[in-house]
Amino acid sequence: MSQILNLSHYWVFVLLLMIGFYAVLTRTNLVKKLLGLAIFQSAVFLLFISMGKIDGGTAPIILNDDWSQTFSSPLPQVLILTAIVVGISTLALGLAIVVRIKEAYGRIDDIDASSSEN
Amino acid sequence: MDSVHLPALQVVVPLLTAPIVAVLRDARLSWLAAVVTSVMTFVVSVYIVQHVLAGAVLSYQMGGWAAPYGIELRVDSLNALMLLVVSGASTLALLAGRQSLTLQIGEERLPLFMAAWLLALAGLVGILVSGDAFNIFVFMEISSLASYILISGGPDRRALPSVFKYLIAGTLGATFYLIGVGMVYMMTGTLNIADMEARLAGVGDTNVVFVAAGFITIGLALKAAIYPMHAWMPNAYTFAPNIVTAFIAACSTKVALYVLLRMDFFVFQKNLVDHESQFTYLLMPLALLGIVFGSVAAVFERNIKRILAFSSVAQIGYILLGASLISVSGFTAAVLHLFNHALAKSALFLAVAAMGLYFARLRLQVLRGAGRKMPWTFAAFVVAGLSLIGVPGTAGFVSKWALISAALESNLVVPLLVLILGSSLLAIVYIGRIVEHLWFGDATDKAVQIGEAPSWMLAMVWLAVAANIWFGLDSSLPMALAQQSAIDLLRQLP
Amino acid sequence: MSSEVSILLSLAIPLTGALLIALTGRWPNVRETITLLTAVALMLTVWQLFPEVMDGARPAVSLGQMMPGISIAFKVEPLGMLFAALASMLWLVNSVYSIGYMRGNGEKHQTRFYVCFAIALSATMGVAFAENLLTLFLCYEILTLSTYPLVSHKGDPATIRSARTYLGILLGTSIGLFLPAIIWTYQISGTLDFTVGGILTGKMSGPAVGLLLGLFAFGIGKAALMPVHRWLPAAMVAPTPVSALLHAVAVVKAGVFTVTKVIVYIFGVDFLFGQPSSSWLIPTACFTIIAASIVALHQINLKRMLAYSTISQLSYIVLAAAVLKPLAEIGAALHMVSHAFGKITLFFAAGAIYVASKKTELNQLRGIGHRMPWTMTAFTIGAISMIGVPPTAGFVSKWYILGGALQGQHYLVVFTLIASTVLNAAYFLPILYRAWLSKETDPNKLKHGEAPWPMLLALVTTATLTLAFFVYNQPVIDLESQLVGRSK
């Protein structure tokens, strides 16, 4: 039981990942699909950030040349900062495409391009 | 030029010119700037190839921070060859594409479009030069986001739902890859690919690494449009602006395949217990199914671009098949086919783009008789099609030869031969269908009025065709790089 | 001129010709002059290699590496010399004929026709002179592709269907069977060079030899061994000069030439002789000879009948090569020549009849001998040569093949030769009878005389060659004796 609790951040990761993935696959509304995608990505961000966390660790700022403290790893956070930017760009671009789909087709559900007019 | 900076220059040149191009107001000028940038990128990659051929492995420490802590750019034979493909395809497509771009994108949007093009180029070459798994992810997303813009930029509204699908698939793939990289990072504490390979040695039999390898492989397979994860690809290729298709089809899936090969062979193959079974029981069957499905689907398609797109599904299968034989000859064949198929598809889609100057829809019915009106474009298409089929004297033959040789060494000779050759025969059928419609079909009203493509564009199309013939008659350059990369990546095999 | 240069020139001259023809397409007279000049130049270039090869020299030239260890290389040896000399000579005759035919018939797209023809000839020279299998394969495929526009020349739906069969079978067999055979050979022996005595000796044995031979024999679809023969009747939709030169000489001979070369220089006669698993080739060839003759018997269209006759005659050559005896190998080479002379005459005659009278069916030919005496005399000589009666070329080659068969005590072969002679007579003699001895019955008969003079000139020339070869064949025999003298 304690092991399961200790791994709670993985459970959160898996749960969010599955929620997002489910939404991407099953929703026909394109905006909802995109939101699912965003949740999916956020789950991965959490995975990265949680792995850098060390019990009792603090922000890696060295004050007064004191190296004795425990620091959390800053690298995953930096990586995720980048990944968040990427995620936001993707979401923004995706929404922009949805806007254009709305303009072109007048609806925002799943459109099968190959079966419509040739 | 000092060879040390070449890998950095490769990315920096298009990355920095992109914003400049974006603020230009003149369509022609922006096109010119993009061409010049792309040519420069190409020249840099030629230099890189020269150095790599001489036996060097180029390594560049970003900001002077030493690897594995700093970000490393690293170029060996495999990525050198891919750099040539990517920058070459971009350059040819841009050079050939002014009329086509002006027609399909419009003058006022062209500067922004060209900026997106350069970003896509920067992203693709960035993936290739990176020696760092996370950097690869970032560049992958840069190139993908820019490609979404390129694909949806055309006049065909069906590009929009197609690109949306591509966006979902691409993001899922990249995120899967990121999960895998995160897990490997948990186990090894490094993101540098070379370092990762070394540090995995102790933990190669843990579940985390297994799962990580699975995530990475599946994620990249999705991006590389490996059957059955190809669903996004035919539509995206078909409805993209024609010149964009010529660029994207030649390299974007290939680059994802490159990352797949790099991770699976360089990082995992040696360290993971029984990693071969991933190829034997997963990737090889998928490759074979892809070959069959892609070829058969291509035979029944009616739009010339979709035919070629489904043919790409089959060709990706060839590449993957070569790699999943896990032998030096198989890997050589895979890399050769990466190169040669890019040559063939680039030439084919450029010829299609030339036809696209006159036809908004590229269905075979509409194109009937068009070949007679533009004989030189048509001839170029036919020769490139022969390269796709694998007729001797063209580049496609060399890689098919290599692939069959590798299959003969494997323990599955008969089924592999039947599939490879059978699919070549199907290629004759679908290229033959196009030829028959374009050449023998009764000219449609539209086809009666058209003439030959602009001579400059024609020259570029024929340049691509000439490359197909050149590398079919003298394969020493790609062969040398492919063999070297096979030896590099499979060095641990007996 | 050094012989290396001659080899390259014999490839380059037709290509240059093709280019010039394409550029001068607007002026038919200039274009046709260039065609003729190209043919003369090619013939002279090829023929001046003859004495040298006769003296035992084997000039060679290599152009760059296509793949590691395999170059694009050319080397003249007796069989190739003979084939190249034959094709280049008949191209000249055929060009004269083509001009008469294409103009007399008012065909469209004549420039394309001459361009593709020249390219096909260049590829034929490449096949003849290839030093290794890969170079040969390259030229073989170019030959297939360059003849496709010629076969589909007319462009109507029926023609396109036939052209599809043509291309499908030739490309399909070559990529599906011939290519794996080549790669397999390369994997086993590490080389693809045509070597006297073969390159496979001691490297493989058992059923695999038979299988490899099968891949070659059926993969080389141009040899038209049944059941991969269907492209040849399909190719008859082409204009007659194409059927005459390409589908009676260049393309089909490229097929049997390749088969012979594979047997002699890849397997090696002695090696193959010791491999029981390869013995299936003789019965298959015998079957093709008989079956194709019987099918020819049932044809009502002249050109299709000639096509089936070609299928049957090609298998003579395969059969002769497969007998694996010196006399028969010489017979194979001789038959390449004699069948070429005879069959091109027959096709020329068929084309002349078509141009003069638009007749294509056998039953329309009653009494035509009196209207077109020259044409039908030539036709008669060709037919007699096909049957193998002296004093024609066909007799000489059959004599040698028969000699080889007796040497090897292959009684099946002897029987087949006799049976096929009877069958040949059975489908040629009725035509001769009809042409010369029947009365014209056509109610609305067309007044017509002979075809245009260039066509007559061409067919009289080849008919004369058919007769002359009966007397004057020593150089060919001498040349080809080198082939067996060494490989034995």
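**Reading helix packing**

Guide: Helix α1 (residues 6-23) of chain B packs against helix α5 (residues 110-129) of chain B at an angle of about 165°, their axes 8 Å apart. Helices here are DSSP runs of H or I, at least four residues, numbered from the N terminus. This is a predicted model, with pLDDT of at least 70 needed for local features and 80 or more for side-chain atom pairs, while totals for chains, interfaces and linings use all residues. Residues count from 1 along each chain as written, chains are lettered from A and ligands numbered from 1 in written order, and side-chain values use heavy atoms, without hydrogens or water.

Visitor: How are α1(B) and α5(B) oriented to each other?

Guide: Two packed helices are described by the angle and distance between their axes. Axes are fitted to C-alpha atoms over the stretch in contact, with angles of 0 to 180 degrees between N-to-C directions. So α1(B) and α5(B) are roughly antiparallel (over 145 degrees; under 35 is roughly parallel). Among the α1(B) residues meeting α5(B) are P14(B) and V21(B), with L118(B) and V125(B) among those on the α5(B) side.

Visitor: Which pair of chains has the most contacts?

Guide: Contact means heavy atoms within 4.5 Å. Of the two touching pairs, chains A and B have the most; chains A and C share none, and their closest C-alpha atoms are 26 Å apart.

Visitor: At what angle do α4(A) and α6(B) pack?

Guide: Helix α4 (residues 75-105) of chain A and helix α6 (residues 133-152) of chain B pack at about 10°, axes 11 Å apart. Therefore α4(A) is roughly parallel to α6(B). Residues of α4(A) including V86(A) and L93(A) meet α6(B) residues including F137(B) and L145(B).

Notes: Helix = DSSP H or I, 4+ residues; strand = E, 2+ residues; numbered from the N terminus. Parallel < 35°, antiparallel > 145°, perpendicular 65-115°, else oblique.
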